Amino acid sequence: MMKFLRPRPLRESVYAALLLSLGLAMLFYTICRVLFFVFNQGFFEETSFSDLLYLMLAGLQFDLSAVLYTNALFLVLMILPFPFRYHPVYRKVVKWVFLVCNAIGIAFNSIDFVYYRFTLRRTTASVVQEFGNENWGKFATSFLVDFWYVPVIWIALVVALAWLYNRIELVRPKNLNPWYYYPWHTALMLLTVGLTIVAIRGGIRHSTRPITLSNAGQYVERPQEMYIVLNTPFSVIRTLNKPTYQKITHYQEPELSQLFNPIHQPADSGQFTPKNVVVIILESFGKEAIGGYNQHLEDGKYTGFTPFIDSLMTQSKVYWNSFANGRRSIDALPSVLTGIPSVQEPFVLTQYVSNTLPSLPRTLREKGYQTSFFHGAPNGSMGFDALMNLMGVEQYYGMTEYGKPEDFDGMWGIWDEEFLQFMAGKLSTFREPFMSAVFTTTSHHPYRIPDRYKGKFKKGPYEIFECIGYSDMALRKFFETASKAPWFKNTLFVITADHSATYTYYPEYQTAWGNFAVPIMFYAPGDPGFRGVEKDRVVQQLDIMPTVLGYLKYDKPYFSFGKNMLNPTEGNFAVNYQGGYQWTEGEYLLQHDGANALGLFNYREDKFLKKDLKGTLPEIQTPMERKLKAFIQQYNNRMVDNKLTVNSSK
């Protein structure tokens with residue numbers, strides 16, 4: 001079989017073979033980057049071909065680091081300065097080490113061909129922790145079935161890699177002088193180790209910190225393009241030991257608190273009203289699926305997939321410009337129930353989750369509320385039960401407490417219809433006032449609904465829409481049951497989603513703001529005056545806790561990174577993270593890397609974010625940057641110092 005054409009001296013060189021082998025690995029990482037872009041092109045509409053070429057060139061630095069990390073054993077076996085490196089048996093061992101290590105690296109890259117659309121990030125080490133309590137066998141089976149083409153591509157890439165590796169010939173030198181061979185190859189080994197360390201770190205200067213995910217930001221114009229520059233093995237390796245937040249000193253007090261202050265003071269007037277509170281977090285209910293939010297689509301003919309939520313919007317307090325603070329399910333609960341967002345990595349997977357946390361359940365429990373949380377998944381799923389414990393929730397209801405395994409959907413948990421009915425029944429046994437939250441499960445990949453409902457719900461361009469229709473029906477039945485209970489009219493319901501949908505059809509929901517667009521609405525059946533649509537305010541999941549406390553006229557100071565939407569003096573912003581910070585205020589969206597602005601857009605007039613206004617509106621951009629930097633300073637410093645409560649802030 002044809003070998004790479006090399007003169008015999010090069011075919012006798014271990015280091016020539018090593019460079020060719022590592023070059024092959026780099027080539028296949030580049031191929032994976034191209035495939036990643038092709039599979040996810042809808043998320044990078046603004047990235048031109050010339051931009052892509054530049055980003056791919058920039059990505060070589062991260063590929064080299066990842067290749068050297070993952071091929072460390074192969075590299076060691078190759079550079080040991082002994083003649084047995086040329087032995088056929090040894091060469092076979094080295095070959096399989098190379099193929100296995102790089103097959104794993106290619107597998108991680110291949111996973112993100114499709115998994116990126118779920119998180120809008122490269123997969124990191126936190127994914128293993130996030131799903132550590134789940135049934136990996138079922139997940140793997142579901143993935144292989146639904147995305148069968150990914151393992152096919154992976155196998156093809158590994159086979160091609162093996163074929164090309166076999167073309168690299170290494171032969172024993174005819175004349176091997178030990179007096180020359182050992183000193184020279186020992187020196188080459190030491191030089192290789194040094195160069196490898198420099199390449200992994202990303203620089204030679206002693207002040208250079210090892211490159212990490214954030215370093216990709218220096219090559220991009222749009223934050224999400226970081227994930228074209230990065231590769232998945234690098235992202236996993238560099239997050240195995242997550243770096244701690246660094247304290248920041250942009251501003252001194254009292255300027256810092258004037259720009260952004262997470263300590264909320266009670267209103268001067270009003271008496272605390274102990275109404276029940278029920279927070280409903282719907283899995284993957286992006287705003288695109290809800291007709292009431294999209295009356296402009298299809299020339300006004302769009303109806304969406306949630307007839308019940310549409311009807312409830314007419315009786316609720318609805319915020320038009322409403323956003324999630326994260327893209328994962330585990331991002332949502334801290335945002336909604338503690339007023340703490342996830343930045344860079346999910347908050348619950350950082351070391352700071354052990355801080356003393358504020359929370360809506362704990363705050364209301366101090367007022368005599370009975371607190372509970374419902375999640376139809378197997379107990380321990382996503383660590384929600386542990387998180388509820390940290391939040392001070394008294395009672396956790398999961399699949400174990402539900403007690404009817406025949407209603408299990410086979411993947412995620414109890415069907416929404418049955419579990420929400422179970423919740424409605426339990427709420428009627430609680431003493432008032434009570435505070436409860438539920439996280440639904442059915443509208444999640446693989447998007448199955450009970451067989452008895454096949455063909456009953458409207459289908460859309462993706463399977464998720466039929467599933468959302470089913471969960472909307474389950475929510476309607478929950479409210480039908482709850483409306484007959486004596487506690488119903490003394491209750492404030494909050495309805496939102498954990499994150500926007502994985503699959504979106506309309507281009508405006510594939511943008512940097514559309515990726516976080518979720519419903520947020522407040523429904524108080526016993527308070528007909530508390531309804532209407534707020535089209536100018538910007539609301540986020542972080543604002544749910546302060547707004548609930550504001551509605552109840554809570555009479556003590558409390559801590560939250562969000563704002564009370566019933567108090568117009570508390571600002572008009574939302575914050576989230578997508579390869580960089582996004583600060584939405586009024587009608588503008590600022591993209592920022594924490595030090596410098598990356599983009600400024602009027603997202604209401606420019607839905608597709610085509611016109612970058614960065615540098616043209618200093619009267620808009622400068623105040624937004626100052627507030628964002630103050631937010632980051634408050635967030636980082638309070639995380640490091642464990643000052644997430646009112647008392648700790650004194």
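Ala, Val, Leu, Ile, Met, Phe, Trp, Tyr, Cys and Pro count here as nonpolar, Asp, Glu, Lys and Arg as charged, and the others, Gly among them, as polar. By these classes, the lining of the second largest pocket has 23 nonpolar, 12 polar and four charged residues. The model is predicted, so local features need pLDDT of at least 70 and side-chain atom pairs count only at pLDDT 80 or more, while totals for chains, interfaces and linings use all residues. Residues are numbered from 1 along each chain as its sequence is written, and side-chain values use heavy atoms, with hydrogens and water left out.

A pocket is an open set of points on a 1 Å grid over the protein atoms alone, where a 1.4 Å probe fits, with protein on both sides within 12 Å along at least five of seven lines; lining residues have an atom within 4 Å of a point. Of the 39 residues lining the second largest pocket, Ile-111, Tyr-115, Trp-136, Phe-139 and Phe-143 lie nearest its centre. Helix 5 gives the largest share of this lining, eight residues (helices are DSSP runs of H or I with at least four residues, and strands are runs of E with at least two, numbered from the N terminus).

Next come the backbone features. A cis peptide bond, with omega about 5 degrees, joins Glu-253 and Pro-254. Pro-254 sits in the loop between helix 11 (232–237) and helix 12 (255–259). Another cis bond runs from Glu-432 to Pro-433, with omega near 0 degrees; Pro-433 belongs to the loop between helix 18 (416–427) and strand 6 (434–439).
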